[in-house]
Amino acid sequence: MYNLFTIGDAQASLHAFRDTEDVEQSQSQSQRRVRKRLGVLSAILAALIVFLIGIIVCFIRDPSIFKDLKLGPSKIQFVKFTWEDWKVGFVKAAIPQIPLSILNSVIAVCKLSGDLFPEKEISATAVSMSVGVMNLVGCWFGAMPVCHGAGGLAGQYRFGGRSGLSVVFLGVGKLVPGLVLGNSFGRILGQFPIGILGVLLLFSGIELAMASRDMNSKEESFVMLVYAAVSLTGSSAALGFGCGIVLFLLLKMRQMEWTSSVGFFECNSKSSLHDEAGQFQPLEA
C-alpha cells in the first residue's frame, strides 16, 4: 500500500512538472511572437510613410500639380556675387547666425552625439570644418545655407536612424527627386500639409528635449530655462545665448567666491586652533 501511494505521488508530481513545462513553453512562445511583432514594427520607417502620405495629400488637394511637373534635372548656374552682396550677407546673415550655428550645428551636435552614441567620439573641429566646407562650396551654385543641426540628428535617431547608412539613405532620397523632377519638385513641397510637417517636427523636438535629462545641478537647469525663455520671448537665439552665458558666468563667480570664503574661514580656524594649542603647552623644566 505504501508503494502504491508513493508511485501515485510520483506520477502526480511528474504530471505537474510537465504541465509547468508546457506553461513555460507557451509563455516563451508568446513572448517570442511579441518580440517578433515589435521587431517588425520597429523596422517600419514611420517617418517615410508619413512623408509619402503628405505627398499623396498634396496631389489630392491640388491636382494641377501634375501639369507643372517636368522631368529632368534643372540647369545648374554659377552665381556671381557683388561686393554689396558680400557686405549685406555678412552683416545681416553671417554675424547674427554665428551664435546659433556654433550652438546648434557644432556644440549641440557633439553633445547630443555623445549622449546617443557614447561609443563614438566626434570632435567639434571636424563638425565645424564640415559645415564650413559645405557652405563654401554650395553658395556658388545658389544653395541655401546648410548645417548638421542637433534637431536633424535627434529626428533621425527618433525615427530609427542608428548608423551612417541613414544619412546615405536621406541623401539618396533628396538626390533622386532633384534629378528626376528638378525645380518642379518645389511645387509639390509648396503644397505639403503643414500639420503633417508639424507632427514630424514635434517628435524631433521631444527627442531633442530629452537630452536635458543629464542636467547635474539646479544651476545648470536654471541657465537652460532662462536661455530657452529669452530665446522664445525675444525671438532671438543670439539674445538668449548672451543672457545664458552671462548668467552662467555669474553663477560660476558666485560659486568661486563661496569656495574661496569657505577656504579662508577654514584656514583662519585652523591657525587659531594652532595658536591656542601653543598657548597651553606645558613649560619645560
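Student: Which ring does the charged end of arginine 162 sit over?

Tutor: The charged end of arginine 162 sits over the ring of tyrosine 157, 3.7 Å from its centre. A charge sits over a ring if NZ of Lys or CZ of Arg is within 6 Å of the ring centre and within 35 degrees of the ring normal. Lysine 120 has its charged end over the ring of phenylalanine 117, 5.7 Å from the centre. This is a predicted model: local features need pLDDT of at least 70, side-chain atom pairs count only at pLDDT 80 or more, and totals for chains, interfaces and linings use all residues. Residues are numbered from 1 along each chain as its sequence is written, and side-chain values use heavy atoms, with hydrogens and water left out.

Student: What describes a pair of aromatic rings?

Tutor: The distance of the centres and the angle of the planes. Rings of Phe, Tyr and Trp (its six-membered ring) pair if their centres lie within 6.5 Å. Planes under 30 degrees apart are stacked, over 60 edge-to-face, and the rest tilted.

Student: How many aromatic pairs does this rule give?

Tutor: Nine. Phenylalanine 59 and phenylalanine 66 form a tilted one, 4.6 Å centre to centre with 35° between the planes. Why is phenylalanine 81 with tryptophan 86 tilted? Their planes stand at 50° and their centres 5.5 Å apart, so that pair is tilted.

Student: Are phenylalanine 59 and phenylalanine 66 buried or exposed?

Tutor: Buried means under 20% relative accessible area, exposed over 50%, partly exposed in between (1.4 Å probe, protein chains only). Phenylalanine 59 is buried at 17%; phenylalanine 66 is exposed at 53%. Phenylalanine 81 is partly exposed at 33%, as is tryptophan 86 at 44%.

Student: Which residues do ring pairs link into a cluster?

Tutor: Phe78, Phe81, Trp86, Trp140 and Phe141.
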